[in-house]
Amino acid sequence: MDYLYVFNSNKVRQLFVKVLLPLYQEALVYAVPPTCETPVIGARVSVPLGKRKLYSGIVVEILDTFVAGGFQVKDIIDVIDATPVAGEQQLHFWKWIAEYYMCTQGEVMKAALPACFKLESEITVALNADVHSEVFDSLGAIDRLIVNSMGDGKLSIDELSKKVNRKNILPNIGRLLGKGIIDVEEMLTDSYRYKQVDFVRLHPNLCSDERLADALASLKKGSKQELLLMKYLEFANPLNCADPPEIARADLLNHAGVTAEVYRACEKKGIFITHKKQADRMRRVFTEQKRLPELSAAQQTAFEALKASIRPALLFGVTSSGKTEIYIRLIDEALKNNRQALYLLPEIALTTQIVERLGAVFGKKTGVYHSRFSDAERAETYNTVLNLRDSADCSYLIVGVRSSLFLPFSNLGLIIVDEEHENTYKQFEPAPRYNARDAAVMAGKIYGAKVVLGSATPSIESYSNALTGKYSMVELLSRYGQASLPDIQTVDMKRAFWRHKIISHFSETLLSEIRNAVQRGEQVILFQNRRGYSPYIRCDACNTVIRCQQCDVSLTCHKYEGRMNCHYCGYSIPVPAVCPSCKSVELKTKGFGTEKIEDELATLIPEARIERLDLDTAKSKHVYDRIISSFEAGETDILVGTQMIAKGLDFANVGLVGIMDADSLLNFPDFRAYERSFQLMSQVAGRSGRKDRQGRVIIQTATPENAVIRQVIRHDYKGFFETQLRERREFNYPPFSHLVIVSLKHPDPTLLREAGNSLQPVLASVFGKSLAGPEAPPVGRVRNRYILNFRIKLSKTNQPEYFKQMLAQILSEFKQNRRYAGIMTVVDVDPF
């Protein structure tokens, strides 16, 4: 094996670096030219890739030797950062994610960093100054327009395209480049910009009592301009003429109740001057600093046990037992010790309530991070956490969803995973397909942080880990203040149907309870885990179901939009007036979703104020906040929603919860169906009767005798766990094995089946009876790609990491077969 040592002309050995790029690949090796400073591990460098592309990547290793492989090593172009943007513990965590979840470190980097940190090259064009003017005479009209629009500077293709008002100018650029009229180059573009805010102060010429009085006299009495100046003076009182105070222009206009035109008129008269200042996009103002919550005796015991635990701990507490108060105490301990805390939530919708509660205690030391924020906002939070490494006071709290695990913590002391059982902690697409709950446990080990998993309905895996001693177990088995758990009853929908006691999708019992609750001034939550108006439309004449053209699913009817949408690929069509097969008008909606429930309630109980919370209504962080705040303030009587309303929200006045269709949860074809059903029904039931009165829950089902429903009624988690554990032990499902799904995807079903049959014996030779498949999943085609799955159960006691390596090697060799090169392979470890 030949080692490559490179020396420059001064006999100084040249270094090499491994650079991680945000692509589907591992780190690449580049040389550090003598003209560049030596980068530090974790810093970004700009590097060439291919013939014309530039990227920014992160240095993950520095080498002074490199094994020659018969290829030329390219130089890095520049060192972007003097200090790391990713710490060594962070890079260690990325590496573990890539190895455990069988993806590349480049894919982890792409998920971990805000887009602003992942710079890519952008083509820029400029006129060639050496071209003779005669060449321009031969140009066509569009080419000449492009040339005339370029000026003397450099423009990106996008900028030039907008300037000439044409979408596609690449052919024109190609012609001009061929004639030598323009030069093309690439440069790295950084899309992140600090937020700039307009600030206002009194003009220096008015900084004396006499001149200020003259300015006021020049304004018409009672005018909006006079009002604006008076409001500024009110803010500035007492006025320091040597250094007049400044105020954000938006705040001043809002305070005075005037428009920007009024301000501009004052500015033209020399009353105000404006300047821009860098501002924090994530600024939150917490108006009061509340004291730490007082703990009950049971909470104090749980808190002390969690403090003393040296292992990851499971806090098993029933709904409304006061887990959040314990979390606040743990966070306070971490911050007092000058450490950082991470509070993970399963759903963005939960951040509104939790941030207000935590911010009221921890004030400006509270930050928020999730995907509903803009890229610039996420970058700002990332930078805030990154800069803590250089601060004497590095204590800080981050509240966020699963992606918050990738923030650049420097002194992480506590990770809380609230509602740890939720499937939204699992990333599905794209890679890395990690589970934030399990990744948090490993992050705690890497960073040296305490990890607390909390839930009223723990996952089977977590509860099993606690019973076997892998985790510590801490229990809170009664509600705070000795409040009663809700009274749960079922309505047999089959019997109600035969007795004609169903109105639309409501049993008479549920409808009567809703009316009574609204009349008593109580609030109601109705849960249906399906959004849209109707899951499908069918023609009664020929039984045709309107289906997606790209997926093997029916289109969901969204009445308010007047469209039918595919919830897998986004394909959408207007609701048809006639059947596309037989042209009949006998099209009927079948089934029901949250939109239909909302629509029917408005007819059945017109006096009620109704809101809906699902992915259709809450498409931005502001709508989330408005819907939840409105319900919390009592401005909404009935909240209809999907599983988003079942995740830890705390509303004081909810007296009734209705579960519209329990059977759709129980009958899902998956080994976790009963677990998810128990968790969802128990969690949404827990929204009822909090504080000082017992709530009421009504479950509509055609199978009231179902064992899971009976266990929900009895609040019997432990009985449910024992039943599920016996079944999983018998069939070797988690927690007794690691489950891995290998998916093959391709537009040609014949080629896909051939590839699956070719791969099956190779996998079987390694995994034997632990292998099942290939088989099509319930939805066998998505985005015009047919799917075949292999299911592998890896023994936890028999070298699972070795078998993962064997699987990776088999799939690598499979991809090298040119016939199957176009087949997409996806590996999902611990699918949820």
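Before I show you anything, let me say that a residue counts as buried when its relative accessible area is under 20%, and please keep in mind that what we are looking at is a predicted model.

With that cut-off we can turn to strand β32, residues 654-659, where six of the six residues are buried, so the strand is largely enclosed by the rest of the structure. Strand β32 also has pairing partners: strand β24, residues 523-527, runs parallel to β32 and is joined to it over five bridges, and here I525 has V657 as its bridge partner.

In the loop between α23 (717-731) and β34 (737-746) we find P735, which is joined to P734 by a cis peptide bond with omega at about 20 degrees. That loop between α23 and β34 also holds N732, whose phi is positive, near 55 degrees, and whose relative accessible area of 31% makes it partly exposed.

Finally, a word on confidence: the chain has a mean pLDDT of 84, and 89% of its residues reach 70 or more. Over residues 1-12, however, the pLDDT is below 50, although this stretch has 23 contacts in the model beyond near neighbours in sequence.

Note on methods: Residues are numbered from 1 along each chain as its sequence is written. This is a predicted model: local features need pLDDT of at least 70, side-chain atom pairs count only at pLDDT 80 or more; totals for chains, interfaces and linings use all residues. Side-chain values use heavy atoms; hydrogens and water are left out. Buried means under 20% relative accessible area, exposed over 50%, partly exposed in between (1.4 Å probe, protein chains only). Helices (H or I, at least four residues) and strands (E, at least two) are DSSP runs, numbered from the N terminus. Two strands pair if DSSP finds at least two bridges between them. pLDDT is the predictor's confidence in each residue, from 0 to 100. Contact means heavy atoms within 4.5 Å.
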